[in-house]
Each structure stands twice: as C-alpha cells, then as structure tokens.
Amino acid sequence: MSLVAVAVVSHLLNLVIIILGLLLMLIVLIQRGKGGGLAGAFGGAGGSSPFGSRTADAFVKITLYLAAVWVLVIMIHVKVVKWDTGEQVNKPQVPAGQT
C-alpha cells in the first residue's frame, strides 16, 4: 500500500468511527433508563416507551451490535496506522547529497 492509499483509508476509517460514535450516542440517549431519561420526553407519558413496549430489547441489541462494530473499526484503524508507521520506519534513508 502506498502512503496515499493508507492516508485515504485512515481518513475513511476516522469518518466511520465518528459516524458510529454519533449513532451510539443517539441510540443511548433514546433508550429508556431507570429514571425515564430522554426517552420519556418523546413519548408524552413518562413511564411508557416512545416507540412501543418491545423496542427496549431492540435498542439494547442495536447498541451492542453498534458498539461491537465501533470497537472492531477502531482495532482495524490502529492496525492500519501501525502498518503505516512501520513502513515509514523501515524505509532506507537516502543521504541529502544523493538522489
């Protein structure tokens, strides 16, 4: 992989990590907590779920899957950056006077 390709992949992975992080924040804020949380503001009645009674299980599953994908993408990003820095270290250094 060239340095340009690694830079493009790194930027794309950064974008994916940010989008997944924002989605995770949104899903967590929508979930109904013990005290009702932000989810109670959407439903009108404080004790009811905003999207139905079975959505709590769905939100938990979505949160777990998104968190797993988020961690996996971060691990891939670390490997890409580590590979990039390893390639730069292993390059032979050319003295300034020689081309």
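Colour the model by pLDDT, the predictor's confidence in each residue, from 0 to 100. Among the elements of the protein, helix α1 has the highest mean pLDDT (90), and helix α2 (residues 39-43) has the lowest (58). The protein as a whole averages a pLDDT of 77, and 59% of the residues score at least 70. This is a predicted model, in which local features need pLDDT of at least 70 and side-chain atom pairs count only at pLDDT 80 or more, while totals for chains, interfaces and linings use all residues. Residues are numbered from 1 along each chain as its sequence is written, and side-chain values use heavy atoms, with hydrogens and water left out.

Next, display the cartoon. The protein has three helices and zero strands, and its elements run α-α-α from the N terminus on. Helices (H or I, at least four residues) and strands (E, at least two) are DSSP runs, numbered from the N terminus.

Select Ser10, which is found in helix α1 (residues 3-30). Is Ser10 buried or exposed? Ser10 is buried, because its relative accessible area is 14%; buried means under 20% relative accessible area, exposed over 50%, and partly exposed in between (1.4 Å probe, protein chains only). Leaving aside neighbours within four places in sequence, Ser10 is in contact with His77 and Val81, where contact means heavy atoms within 4.5 Å.

Now select Val6, Leu13, Ile17, Leu20, Leu24, Ile27, Ile30, Phe59, Leu66, Val73 and Val80, the eleven residues of the largest nonpolar core. A nonpolar core is a set of buried Ala, Val, Leu, Ile, Met, Phe, Trp, Tyr and Cys residues joined through side-chain atoms within 4.5 Å. Helices α1 and α3 (55-90) are the elements that give two or more residues to this core, and the largest share, seven residues, comes from α1. Centre the view on Leu66, which touches Leu20, Leu23, Leu24 and Ile27, not counting residues up to four places away in sequence.

Finally, show the surface. The protein exposes about 7400 Å², of which carbon and sulfur atoms supply 71%. Accessible areas come from the Shrake-Rupley method with a 1.4 Å probe; for residues, only the protein chains shown count as cover. Buried residues make up 20% of the 99 residues in the protein.
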